[in-house]
Structure formats: structure tokens, C-alpha cells
Amino acid sequence: MSTANLNAGPGSTSQTKPRFAEDALDRRPVRPSKLRYNLGMLAVGIIFIAAVYGAGMDFGALLNLPASIIQYGQLMAAGVFQAPDETVAGYWTQSFDAMFESVAIAWVGTMVGALFSLPLGFLAARNMSPLPVYIVVRFVLSVIRAVPEIIFAIAIMLPLFGFGSGGGGALAGAMALGVSSIGTLSKLISEAIEAVDGGPLESSRASGSNQMQMIRWAVMPQVMPEVIAIWLYRFEVNIRASAILGVLGAGGIGALLSTVFGAREWDRIGIVLVVIIVVTMLVDQISAFIRHRVIHGGDLRSDGGEPQEDDDAGPGPENEPRVENDPAPKENRAAAGL
Amino acid sequence: MVTTSTAERRAAPQAAATVRPEPPRPSGLVYLGLAGLALLAFIVFWVIQESGDVLLIPLGFVTLWAPLNPVIGLVVMLVALAVCFKARIGTMAAFGTVAFIIMSYWAGATVGFTLLEIPERWSNVEPRLIAFLDPNWSYIWTVRDQWLITISMAVVATLIGCAIGLVLAMYASPVSSPNKGTSQAIKAVNSVIRSIPDVGWALLFVAFIGGTAHGLGPMAGILALLMFNIGIVAKLTSETIDSVNPGPVEAADASGANLTQRNRLAILPQVLPGFVSYGLYVFELNIRASAALGIVGVGGIGSAMMLQLNRFQFENVAAILIALIVVVLLVDMFSMYIRRKLL
């Protein structure tokens, strides 16, 4: 009897003590405390309510919003779908011209940023540059990143190059975008360089190459696809950013937007919005295709399109977040203490 | 110079005993076609060019002339093609090079790219730069109400935008959406939302419900930032959901979870770290954006800045801008702290 009880396992209905003293393994898992989680949610809720009061939102305005969306939406749709006589065709041409000017602004801005970002990226990569240079360059880059592009535009570029579509405003916008692109681009590029595979570096050093040769033959082939993807991504961002500069007087779609909204010509607003959506989506598609092609479909210096044709067919969103999300690299900035 | 050394290095092994594989010679016909493309682009440049600069080529008996800038463009394209051919670069990459040059030429011509005017126009910048270097420090505190509005707008827009963005992302990713049609539809809607720039949304909502002039600036600003945030958060989060570990999802399916339970218990915990960091990233974007959007009449610090700018009081603008840089840096540090605490 006693023997049977002693041998009883955990599943036994017997009331006697188990053979072993209770230890951590016998205890049921304790439900983790939700106190911190609840406190956190409470804090978020309080901040939210405080912010709602702080912003001084007028919720009465929301009541009229659906009605005005429908009303103005109908006006815009009427503008888009009206028969394109001469005036309306002029509106479409004007919108496309302004949008293409925005694309050109973004392209020149990206080029200016790209020109400076590659050398700065190398200087800001820990494995490529000495510590003092690294610290100084990183600091300069983080200052550039903290300054929004409208500041460059207002403070320097617009007075330097002039206002308006015809008067150099486009160039001013492009230069402002270019200068403010340098920060993000160099940072992303330096992270790509830091993540480079060490093998080729070591072997090129072992075969007696100097710093420049090492960069050319060991680093560039590895990072170039990623760098091109980063530049293209920034180009997409710059197209959107050029709109706000246009409102300030830098030409492009922003200038047209503020004109048509100022006049409240809803048919033209509809046309402009459709043009923005079409061109932006088109550019995004092309850019995503090139990025995918550059990263997956054979590298740039060999005509590797055919063998890898099959991986162009894949959905391939896996590679996007790496380039698309700026948040992840910020941890590294924390590590660098900047 | 890089490409010549490529050629040298590729030529060298041929002399050696062991013949190393070398890149195949690219098709000359395709290169000819690319040269034709360059010529076509040259003609287009000629037609659309606005500057009257002309290149004169005296040949003794007759003086040829050609437009200066397109000729430069053509020469650059042909040289690039020649270099690519010499270095045995594939046709696709060569096409990319030519397309890049054409695009750059077009963009440069469209914005009227020139740096020659900088010295003579520098006098316009100097007074502003001096003002910016000598900001009116006492002004910084007088706009604290506007700062409060800006930060509040950013907080509200971030929280609501992230919530809506999460739901949209759940429907947009094929992993977590009820069916493929829903996912495609939501993705299309999302890319339309994303393609309108933030200032476009701001102008729309200001026109819909009235801007600062009617005391409704913050509401319009929050709605604009909301749309802006939904686009970003939904895109990033749905991409994170796409690459989620399928194990827990299968386990949830096997134990009979319905769609909501599966998404809640198998997918949400996996994407939560990414989601939180996207939220913090969007919050930073919102601070910058709401400063910029004040220009078009949504409330906050941007309105104050625009007011001072229109009065040509650059010392005050400089004070606001310096405060803006400090606030952006502080928000950056704050979100870094939160991220390290939470993740």
C-alpha cells in the first residue's frame, strides 16, 4: 500500500505526498504580471486624451466632414470625367507638366544627395574610416538629418536660386532636397558598408591592395546593388517631399496644388490629384521593379538576367522592408551614441 | 579609369598558362541599338531645349553648328556606351546607364540646373544667413502654445493612424486577410492613399473643413497626418506580416482558430515589435511634417513660422527653426529610449 503510494506519479489521485520534494518544475507556470502592460496602456490613454485636449480639436467639424467629402468629391469627379475640350486639356497638360517638374526636382535632388552620400557613407562606416573621422562625420550627418528640408529651402536655397517655377525655384527645391537627402542616404549607405562580408576584404588585404583598391574591388561590388536601391528609395521619398517645397515657392506640383486650392476650383483639383496618383504610382512601380532587379536579378556588371528570370516572378516583398524602413537602423545610431 | 583596369586585369590571365573564364562579349547589335537610342534622345533634347547656346564647328569651307547642351549629352552617352562595351558590361546594365544619363539630362534641363549664378546671387542669402545665425532667443518661448498644438497633433495622429494602419495591414497581407481579393483591394487603396503627398492631404482637409482661419486648423492637420500615417504604417506592417514565421499560424489553424483568433494570437505577437518601431518612426515624421504643414494653414508651429516669414522677421523664424531642430532631436532620443526599453 505504502509502496504504491510512493510510486504514484503526478497524475495519481492519491492524496499522499509525491516522492520528490516540490521544485520549480512541479509548480504550475505563473501567469506573468500584466501590471506593467496595463500601466503602459493607461499612460498611452492618458497621453492620448491630453493630446486631444491640447490640440484643441473641434469635433463639431467632423459632423460636416462626410457631407463635404461627398459634395466636393462629386465636384472633383465631375472635373476628372468632363469632356476634354481645349481648356480642360490645358488643365491636364499643365498638371502633367507640373508633376514631371516635381519628378525632375526629385531626381536632381537625389543625384546631388547621391553624389555626396557615397564618400560620406564610406567615411561614416566604422570598418572603413578611423575613429575620429567616423565620429565627426556621424555627428554632422545626424545634424543634417535633424534639419527638415523646408529649413534648407527657406534659409538658403530659395533666396539663393530664386522663387517660382520659371525663376529658379525648381533648382532651389532640388538643392534643398539634395542637401537634406545627404543625411539619410549616407547613414543607410554606411550601414550597408558596415554589414559587408569580411572575406573579400581580408583576401584583398592579403593580396596587398591599398585602401582604394580594397574599396573598389572588395566593398563596392558587395554594396552597390543595395546603394542603388537606397538611392531609388530616396527618389520616391523626394517626389513626395518636393510637394511641400512647391507650396513654399519651389515650383513643381506643390505650386500648382496651392494655386488650385487657393482658387477652390474643384474640377482642376480633381485633375491634379489624379495626375499625382497616376504618376507617383507609376514611378513607384518602376522604381520597385528596378530595385528588385538590381538586388535579385543578377548584379549590375554581368548580364545575369536570363538565369535568374524565375526569381523576378516571385512576390519578393522580403527585401523591401530592409530598404524601406528607416526605423531599424536607428538602433545603430544609439549604439554609436549619436 | 576603373574600367581600363578592369580590362587590363581581364586581359592579363590570357597570357598565363591557365586560361581563366572571362565575361562573354556583349552583343554588338544591341549596343548599336543603344547608340541609336542615344541619338534619338539627342534629337529630342534638341527639340525641347530652351537655351540658345550653340556649338560652332568651323571646317574651313563650311561652319557646322549644333546646339551645345544636347551635343554634350550625346557625347557623354556615347562615351559611356564605349566604356561599357570595352569593359564587357552586359546590355541590360548598359541600357540602364544610358537611361540614367537621359533621365539626368532631362531632369537637369527641366529644373534649369546651373551653379554659375551662385556668386552673384549670394548677396540675397547673406542677410538671411546672418539673421539665422543670430536668432531672437526671447521669441522661442512665446510660441510654446503652438508647440503644444504641434506635438498634440502628432500624438493623436500617430495613435489613431497606427490603430487603423494595423487593421488595414491585417487585411492587406495575404497571410492574414480573409481572401486574396480583399488583400488586393486593400493594397490598391493603400497605394492610392500613399501616393498623395502629406501636403496634398492637408490642403484637401483644409478645404473640406476649414483651416486656421476658422479655428479648425488642428482638426484638418490631424486628419491629414492620419491619412499620411495610415499609408506608411499599413505598408510597412503588411510587409512585416508577409514575412512572419508560418509555424504559429499553422498551429493556430490546426487547433481550429478562426481568422480573428489566428491574427490576434499567431500573427500580432510576431509583428508587434516591428509595429511599435514603425509607430515611433511615424511619430518623428509627424513632428517634422506638422511643422511643414503649418504653411498650408493647419495649426501648430508651422503657422507661426509662416506668419513670421511673411513679415520678413528672420530672427524669429530662426528661433523657431532652432527650436524645431532641438525638438526633432529630443523626439529622436525619446523614441530611441522607448524602443530600447520595449524591444
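The exercises below refer to this predicted model.

**Exercise 1. Composition of chain A**

Task: State how many helices and strands chain A has, and what share of its residues is buried.

Solution. 
1. Chain A contains 14 helices and zero strands.
2. Read from the N terminus, its elements are accordingly α-α-α-α-α-α-α-α-α-α-α-α-α-α.
3. Of the 338 residues in chain A, 39% are buried.
4. Among contacts in chain A with a separation of 6 or more, 72% join residues 24 or more positions apart.

**Exercise 2. A helix pair in chain A**

Task: Classify the packing of α5 (residues 131-146) against α7 (residues 169-194) in chain A, and list the residues that meet.

Solution. 
1. The axes of the two helices are 7 Å apart, and the helices pack at an angle of about 130°.
2. The crossing of α5(A) past α7(A) is left-handed.
3. From α5(A), the residues L141(A), I144(A) and R145(A) take part; their partners in α7(A) are S180(A), I182(A), G183(A), T184(A), S186(A) and K187(A).
4. Sorted by class, this contact holds three nonpolar, four polar and two charged residues.

**Exercise 3. A helix pair in chain B**

Task: Carry out the corresponding analysis for α2 (residues 28-48) and α4 of chain B.

Solution. 
1. The two axes come within 10 Å and cross at roughly 5°.
2. Angles under 35 degrees count as roughly parallel, so α2(B) is roughly parallel to α4(B).
3. On the α2(B) side, V30(B), Y31(B), L34(B), L37(B), A38(B), A41(B) and F45(B) make the contact, and on the α4(B) side T91(B), A94(B), F95(B), V98(B), I102(B) and Y105(B).
4. The class division is 12 nonpolar, one polar and no charged residues.

**Exercise 4. The side of chain B that touches chain A**

Task: Describe the side of chain B that touches chain A by its elements and by its residue classes.

Solution. 
1. The contact involves 68 residues of chain B and 67 residues of chain A.
2. Elements of chain B that give two or more residues include α4 (91-111), α6 (144-172), α9 (217-242) and α13 (314-342).
3. With 10 residues, α4(B) gives the most.
4. By class, this side of chain B has 47 nonpolar, 15 polar and six charged residues.

**Exercise 5. Nonpolar cores**

Task: Identify the residues of the largest nonpolar core that touch the most other members, and name residues of the second core.

Solution. 
1. The largest nonpolar core has 157 residues, of which A153(A), A202(B) and A224(B) touch the most other members.
2. Helix α9 (residues 211-250) of chain A gives the most to this core, with 18 residues.
3. Leaving aside residues up to four places away in sequence, A224(B) touches D198(B), W201(B), A202(B), F205(B), L293(B) and V298(B).
4. A second, separate core has 14 residues, including L34(B), F45(B), M77(B) and C84(B).

**Exercise 6. A loop residue**

Task: Is A195(A) buried, partly exposed or exposed?

Solution. 
1. A195(A) belongs to the loop between α7 and α8 (198-206) of chain A.
2. A residue is buried at 20 or more other C-beta atoms within 10 Å and exposed at 12 or fewer.
3. A195(A) has 13 such atoms within 10 Å and is therefore partly exposed.
4. The C-alpha atom of A195(A) is separated by 21 Å from that of R293(A), 98 residues apart along the chain.

Key: Residues numbered from 1 in each chain as written. Chains lettered and ligands numbered in written order. Predicted model: local features only at pLDDT ≥ 70, side-chain atom pairs only at ≥ 80, totals over all residues. Contact = placed C-beta atoms within 7 Å. Helix = DSSP H or I, 4+ residues; strand = E, 2+ residues; numbered from the N terminus. Nonpolar A, V, L, I, M, F, W, Y, C, P; charged D, E, K, R; others polar. Axes fitted to C-alpha atoms, helices over the stretch in contact; angles between N-to-C directions. Left-handed = near helix turned anticlockwise from the far one by under 90°. Core = buried A, V, L, I, M, F, W, Y, C linked by C-beta atoms within 7 Å. Parallel < 35°, antiparallel > 145°, perpendicular 65-115°, else oblique.
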